[in-house]
Amino acid sequence: MASNGQALLRVENLRTHLFLKRGVLKAVDGVSLHVDEGETLGLVGESGSGKSMTSLSIMRLLPKHSGRIVDGHVWLDGTDLTTLPEDEMARDWRGSRVSMVSQDPMTSLNPVFTVGDQVGAPFRYHKLAQGAQAVRDAVVKVLGRVRIPSPERRLDNYPHQFSGGMRQRVVAAMAIACAPRLLIADEPTSNLDVTIQVQMIELFRELQRDSGLGIILITHDLGVAASICDRVAVMYAGRIVEVGDVRTMYRAAAHPYTQALLNSIPHLGQRRRRLYAIGGQPPSLIDPPVGCRFAPRCPRRTAKCDAEYPPEVELAPGHVTACWHPGPGGSA
Amino acid sequence: MSLLEIRDLKKHFRVGGGLLSTAGTVKAVDGVSFAVGEGETFALVGESGCGKTTIAKMVLMLERPTSGAILFDGEDLASMGSAGVKAYRRQVQTVFQDPYASLNPRLRVRTIIAEPILAHGRPERATLRKRVEEVLDVVGLPKTAADLFPHEFSGGQRQRVAIARALALNPRCIVLDEPISALDVSIRAQILNLLADIQERFRLTYLIIAHDLALVEHFSTRVGVMYLGNMVEAGPTSEVFAHPRHPYTQALLASVPRPDPDHRPPADAIRGEIASAMAPPSGCKFHPRCPHAMPVCNTEFPGWRNLGATHAAACHLLELT
Amino acid sequence: MTADATLPAATLPPRGWISRLRGRGLPWISMIILGLVAIATIFGESIAPHDPNGLNLGVAFRPPLWAAKGEWTYPLGTDNLGRDIFSRIITGARVSLVSALYAIAFAGSIGGLVGMISGYFGGIVDAIIMRLVDIQMSIPALALALVIAAVFGADFDTVVIVIIVTYWTWYARIVRGEILSLKERDYVALAKVAGCGTFTIFFRHLLPNIMNTLLVLSTLQVGQVIIFEASLSFLGLGIQAPDVSWGLMLADARGYLTNAWWAITMPGIAIMVTCLSANMIGDWLRDTFDPKRRQL
């Protein structure tokens with residue numbers, strides 16, 4: 001067993017490409033990251049930055065035919081998931097040791113089965129409980145863990161009889177049913193109202209405290225990331241541009257993109273006349289720029305930025321950025 | 001005088017009544033009043049199901065109110081003839097949330113922007129062309145954009161096209177229904193700044209519907225907080241955000257996750273979930289979730305109480321002081 | 001201004017339906033078969049090797065050419081009156097295809113318009129129209145054909161009218177369903193806010209969006225309608241001799257099934273192959289136009 005501090009998940013130089021008619025879309029283009037036991041890593045980025053593709057690569061759930069991991073390794077507890085045969089991945093890993101909560105609780109639940117059936121499915125599939133009564137007991141227990149009131153009674157209800165927040169809890173219960181080592185949460189709160197969002201954030205924290213679960217939280221919401229994460233990695237155009245512990249990232253971000261993101265959103269309680277707007281838009285990932293991918297939109301752009309992709313520099317222990325001109329922001 | 005005035009507006013929907021269920025009434029908007037002054041930005045804020053979008057639809061005459069009145073420039077929408085409605089449509093335009101759904105994929109941008117103009121007259125081709133290019137320029141798109149189709153644009157650019165279309169008739173008021181929430185984070189600021197610029201330039205009045213409190217604080221001059229079809233607190237944005245008086249406003253503000261690792265939203269800021277709109281709680285609709293609920297909250301609907309010249313809230317707690 | 005002026009360099013129109021058709025594998029065999037049927041429809045008797053109604057009892061019951069005693073003169077054999085089956089199939093294509101096209105054009109326009117009105121206006125209009133559709137759908141088509149044939153006499157027009165009356169309901173239902181979701185689109189709401197009238201909304205925002213559906217549905221119905229026409233003629237409610245139709249050929253050959261299997265099989269195969277081709281093209285059109293499959 002890995003002890004605290006030793007990486008639970010280590011992704012090395014992952015490259016995932018989508019082979020489309022238009023060309024090869026380099027959705028993930030050399031991503032390395034690690035998640036320790038009991039830690040939450042936030043993966044922050046805009047749509048198309050590759051954050052969801054990274055998580056699908058870890059789960060090996062890429063779109064059939066078009067998506068493929070072309071390079072890199074995903075080590076989970078010392079096993080390289082990229083080389084496992086599909087049947088072993090399905091039997092021993094996906095849904096049991098590594099599981100996922102997706103954005104939309106309504107499409108994650110099948111409307112024609114009871115909640116008990118669906119939450120019980122992982123127990124039956126991975127043979128963690130034998131017999132109807134044992135499965136039922138296990139389901140009651142796991143629904144209790146996600147704080148669904150009186151789970152014995154709610155077990156036989158259908159998804160539509162649950163409210164949005166409760167449904168998201170059911171989805172979370174399915175994800176943690178088999179006591180996973182790693183949980184990937186893809187925008188788990190973005191369809192929820194703020195007051196429910198807080199309750200979900202609290203739930204994630206509780207789950208982690210109980211079990212030493214490692215969590216990757218994928219979000220575009222910098223507020224949510226700040227509330228849950230221990231460390232934050234910012235993705236842009238298929239690569240991680242900056243990673244560091246949450247305080248460093250929000251207080252002393254060094255990459256101009258991270259700074260721009262923080263400056264471009266309104267902050268509660270700090271009224272500003274104008275927001276800092278990042279001009280332009282992200283590059284095409286079919287034909288990405290040779291140099292730094294943020295260069296065309298960057299205020300610190302120099303000739304070097306266009307010519308060569310910047311190497312990663314460690315500014316402080318654990319605080320790594322890929323930028324030719326890292327430093328405190330002055331533009332906003 | 002205020003440009004837009006909403007008086008005791010109600011919208012009730014009948015739902016169900018199928019084979020297995022009895023018909024019920026959803027009181028989506030249940031007696032809301034507010035006024036928007038010329039040049040102001042009034043924000044309606046609240047969680048899903050609070051009725052803010054329904055109000056926007058009634059203001060845009062896409063839904064008919066069950067009762068109550070909407071006054072524009074002092075004139076009641078319900079009593080306008082077809083010429084009056086036509087004139088009203090010239091002056092009130094809108095921008096919707098999803099720029100992918102709000103532009104007809106089969107039409108060129110030129111046709112999309114010209115549509116409102118052509119609905120109100122038959123200008124010469126050259127005039128029309130000039131106007132389309134003018135508004136494209138205002139929203140920061142090149143002239144060549146007019147000949148493209150929506151699918152050739154990114155989300156942010158599409159929203160610019162939608163804004164250009166809303167500006168085409170030189171309206172006085174624009175209803176913004178979650179104008180940035182479907183956009184990427186790095187694009188949101190561009191659009192918000194653009195909206196602020198054109199408001200100043202054309203002296204526009206905005207009615208903005210939003211759920212993002214930080215955005216509302218940044219963008220609006222006055223705010224109305226809604227909960228389950230009622231307005232619970234309204235006032236100048238700076239005052240409401242600095243000194244929220246209604247427990248719901250307070251809970252809402254406390255719940256917002258902030259981009260600050262040292263601020264963790266308190267888990268006990270609010271309990272439970274929003275009640276069903278089909279069977280709302282008696283008395284004050286917020287009382288089952290309210291940390292300060294008193295016996296009277298269960299039975300009596302709280303009245304509107306003025307807390308200053310323009311700040312008001314509906315809560316029994318305020319009667320105590 | 002912080003606006004970005006970076007637009008795509010090429011001003012491509014969205015891929016029109018013609019280029020979309022070209023972009024995928026075409027169902028070539030089906031298209032060739034339908035093409036042959038179309039040629040037969042246009043030229044009919046003038047390209048038939050024999051007179052389709054030419055009696056010649058001396059050559060009655062000649063088998064097709066690959067059977068024992070078959071000959072090139074009558075490639076698909078002859079029937080009980082010595083008429084060349086190949087020539088009759090060529091001539092009969094006209095009735096089958098023309099009745100199908102007529103009927104589908106009318107049923108599609110009537111049903112489509114009714115469906116649009118029903119879906120767009122909703123409420124009482126919708127309720128009345130949809131009850132009418134329900135009633136129409138519950139009347140057996142053949143019983144209706146009997147009544148119409150009894151009133152107007154059995155001929156080509158009767159066939160077309162029966163098909164229209166039977167098939168418009170399909171269009172009405174499907175178009176109504178499409179309109180129900182289309183009218184909730186944001187751009188329709190925006191058109192209202194802009195001040196556009198119902199006419200503009202119908203023809204600019206709704207009709208273009210249901211054209212694909214209409215086209216696909218129509219293609220899929222060609223097969224059904226040909227079979228329906230054959231059934232009517234087979235029962236004596238449709239085409240009458242001396243006109244030729246595939247259904248009529250089946251009816252004529254029914255009595256000689258045991259000694260001349262080809263007389264009933266050949267028109268049967270013609271019907272089957274034509275319907276199958278129409279259906280395959282319809283399926284392919286549906287897949288091509290389906291936006292979900294258009295992405296990659």
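**Note on the predicted model**

1. The C-alpha centres of domain 1 and domain 2 of chain A lie 29 Å apart, in what should be read throughout as a predicted model. The domain assignment of chain A places residues 7-97 and 180-322 in domain 1, and residues 104-179 in domain 2. Where the two domains of chain A touch, domain 1 contributes 13 residues to the contact and domain 2 contributes 14 residues. On the side of domain 1 of chain A that touches domain 2 of chain A, helix 8 (residues 194-211) of chain A gives the most, with six residues. By class, that side of domain 1 of chain A has eight nonpolar and five polar residues, and no charged residues.

2. Turning to chain A as a whole, the secondary structure comes to twelve helices and twelve strands. The radius of gyration of chain A is 21 Å, which agrees with the value near 20 Å that a compact globule of 332 residues would have. Taken along the principal axes, the C-alpha atoms of chain A fill a box of roughly 70 × 50 × 40 Å, and 49% of the 332 residues of chain A count as buried. Among the contacts in chain A between residues at least 6 apart in sequence, 64% join residues at least 24 apart.

3. The box filled by the C-alpha atoms of chain B, taken along the principal axes, is roughly 70 × 50 × 50 Å, while buried residues account for 51% of the 321 residues in chain B. Of the contacts in chain B between residues at least 6 apart in sequence, 63% join residues at least 24 apart.

4. The two chains also meet each other, with 33 residues of chain B in contact with 38 residues of chain A. On the chain B side, the elements that give two or more residues are helix 6 (185-202), helix 7 (213-219) and helix 9 (247-255) of chain B. Helix 6 of chain B gives the most to this side, with eight residues. Sorted by class, the side of chain B that touches chain A has 17 nonpolar residues, together with eight polar and eight charged residues.

5. Strand 6 of chain B includes B:V92, which is buried, with 23 other C-beta atoms within 10 Å. Leaving aside its neighbours within four places in sequence, B:V92 is in contact with B:L60, B:P171, B:C173 and B:V175. The C-alpha atoms of B:V92 and B:G37, which are 55 residues apart along the chain, are separated by 14 Å.

6. Most residues other than glycine have a negative phi. A:A179, although not a glycine, has a positive phi of about 50°, and A:A179 sits in the loop between helix 7 (164-176) and strand 7 (182-186) of chain A. B:E178, also not a glycine, has a positive phi of about 45°, and B:E178 lies in the loop between strand 7 and helix 6 of chain B. Are these residues buried or exposed? A:A179 is exposed, with 12 other C-beta atoms within 10 Å, whereas B:E178 counts as buried, with 20 C-beta neighbours inside 10 Å.

7. Finally, helix 3 (residues 85-121) of chain C has 37 residues and reaches 52 Å from its first C-alpha to its last, close to the 54 Å expected at 1.5 Å a residue. This helix of chain C has a kink of about 30°, centred on C:G92. Just after helix 3 of chain C, C:G122 takes a positive phi of about 60°.

Definitions and conventions: Residues are numbered from 1 along each chain as its sequence is written. Chains are lettered from A and ligands numbered from 1 in the order in which they are written. This is a predicted model: local features need pLDDT of at least 70, side-chain atom pairs count only at pLDDT 80 or more; totals for chains, interfaces and linings use all residues. Helices (H or I, at least four residues) and strands (E, at least two) are DSSP runs, numbered from the N terminus. The expected span of a helix is 1.5 Å times one less than its number of residues. The bend at a residue is the angle between axes fitted to the seven residues ending there and the seven starting there. Two residues are in contact if their C-beta atoms, placed from the backbone, lie within 7 Å. Ala, Val, Leu, Ile, Met, Phe, Trp, Tyr, Cys and Pro count as nonpolar, Asp, Glu, Lys and Arg as charged, and the others, Gly among them, as polar. Domain bounds come from an automatic or database domain assignment. The radius of gyration is taken over C-alpha atoms; the globule rule is 2.2 Å times the number of residues to the power 0.38.
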